[in-house]
Amino acid sequence: MTEALLEARDLTKYYPVTKGLLQRTIGWVRAIDGVSFSVEQGKTLSLVGESGAGKTTTARAVLLLEKLTSGLLFFEGKDIYQFSPSQLKALYRPRVQAVQQNPWSSMNPRMRVRDIVGEPLAVNTKQTKKQIRDRVEQLLAQVGLRPDHAESYPHEFSGGQRQRIAVARALALNPSLVVLDEPVSALDVSIRAQIMNLLKDLQVQNNLSYLVIAHNLATVRYMAHTVAIMYLGQIVEYGQAEELFQQPLHPYTRALISASLLILPEDEEKGKQQIILTGEMPSPLNPPSGCRFHTRCAEAQEECSKVIPEIKVIGTHWVKCLHYN
């Protein structure tokens, strides 16, 4: 078994809820609560769940944009919280880059594309202007844009082209891991497949690892090797993508697949029943006792409200459900 490029162990992030002039803490929002996963070199892990599940907070923790309440992050087997600031700058931050969800707001409208894509190189390396210019042209070619696009401004491009520029910028420092936060959800349906194909091609060419934040299961099934299903700050099911889609073990996973617009092959459609979730996800300020999903689960029994489910491992697949047998 290959060593994971990135490994997260029991990541927890609580936000204090304060009240009054003295800002007295009266509670905690449990954004993520004991999240563990790994991303292998050259592979894609996708975090899936409804809004408020904790996906983006997890991604921000990986990017060191959130200070964790507790938990550990290992990069190539090394605990990054033991790194000095200079080690983080040299060994971690350049090798972990991000592509944001909205290509319309993720870049400075006053900067030319050459400066947007070249900025990571100008800030983090000692390359000459000519070296940066050549590298920018190389990156633009990699993502399917012309060299003369470097002289244009973001408003001169379509959404798909902007996302290509964002991908080029993320690749500037030759990262090992790219965090993709809903990379195609803001794009027209007609060009989503183009961007997904581009990302998969770049992954093969550069041996990249991806951490994909998504709610669109068609995107997840096409791109991911491994999938983690999140609900109310916790991972409730984790496994290889095709196995998880063909044999979902958790009631929440089955409901997500049922409710999605994912078009399944005809042989997979047989025997599938539509599952409608009632109610809304509870508040992370006061999550339910026991299994956090029991308030919306059609299969819930009395013990589900009292007993916290433990991980049940089935080969490379695991699930947190009291009634999975």
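Tutor: A residue is buried if its relative accessible area is under 20%, exposed if over 50%, and partly exposed in between, with a 1.4 Å probe and protein chains only. Thr 253 has 1% relative accessibility, so it counts as buried.

Student: What kind of model is this, and how are residues numbered?

Tutor: It is a predicted model, where local features need pLDDT of at least 70 and side-chain atom pairs count only at pLDDT 80 or more, while totals for chains, interfaces and linings use all residues. Residues are numbered from 1 along each chain as its sequence is written, and side-chain values use heavy atoms, with hydrogens and water left out.

Student: OK, where is Thr 253 placed?

Tutor: In helix α9, residues 251-259. Helices (H or I, at least four residues) and strands (E, at least two) are DSSP runs, numbered from the N terminus.

Student: Which side chain does Thr 253 make a polar contact with?

Tutor: The side chain of Glu 237, at 2.7 Å. A polar contact is a pair of N or O atoms within 3.5 Å; within protein, one must be able to donate a hydrogen and the other to accept it, and residues adjacent in sequence count only if both atoms are side-chain atoms.

Student: And what does Thr 253 touch?

Tutor: Leaving out residues up to four places away in sequence, Thr 253 touches Ile 229, Glu 237, Leu 244 and Pro 248. Contact here means heavy atoms within 4.5 Å.

Student: Switching to rings. How many aromatic pairs are there?

Tutor: Five. Rings of Phe, Tyr and Trp (its six-membered ring) pair if their centres lie within 6.5 Å; planes under 30 degrees apart are stacked, over 60 edge-to-face, and the rest tilted. For Tyr 231 and Tyr 252 the centres are 4.7 Å apart and the planes at 65 degrees, so that pair is edge-to-face.

Student: Where do Tyr 231 and Tyr 252 lie?

Tutor: Tyr 231 is in strand β9 (residues 226-231) and Tyr 252 in helix α9, so the pair ties together parts 21 residues apart in sequence.

Student: Buried or exposed, Tyr 231 and Tyr 252?

Tutor: Tyr 231 is buried, with a relative accessible area of 1%. Tyr 252 is buried too, at 0%. Together with Phe 293 they form one aromatic cluster.

Student: Now the sheet. What is the order of the four strands?

Tutor: β2-β1-β4-β5, an open sheet with antiparallel pairing. β2 (24-39) and β5 (78-79) stand at the edges with a single partner strand each, so one side of each has no neighbour in the sheet. Two strands pair if DSSP finds at least two bridges between them.

Student: How many bridges between β1 and β2?

Tutor: Twelve, in the antiparallel sense, with β1 covering residues 6-19.
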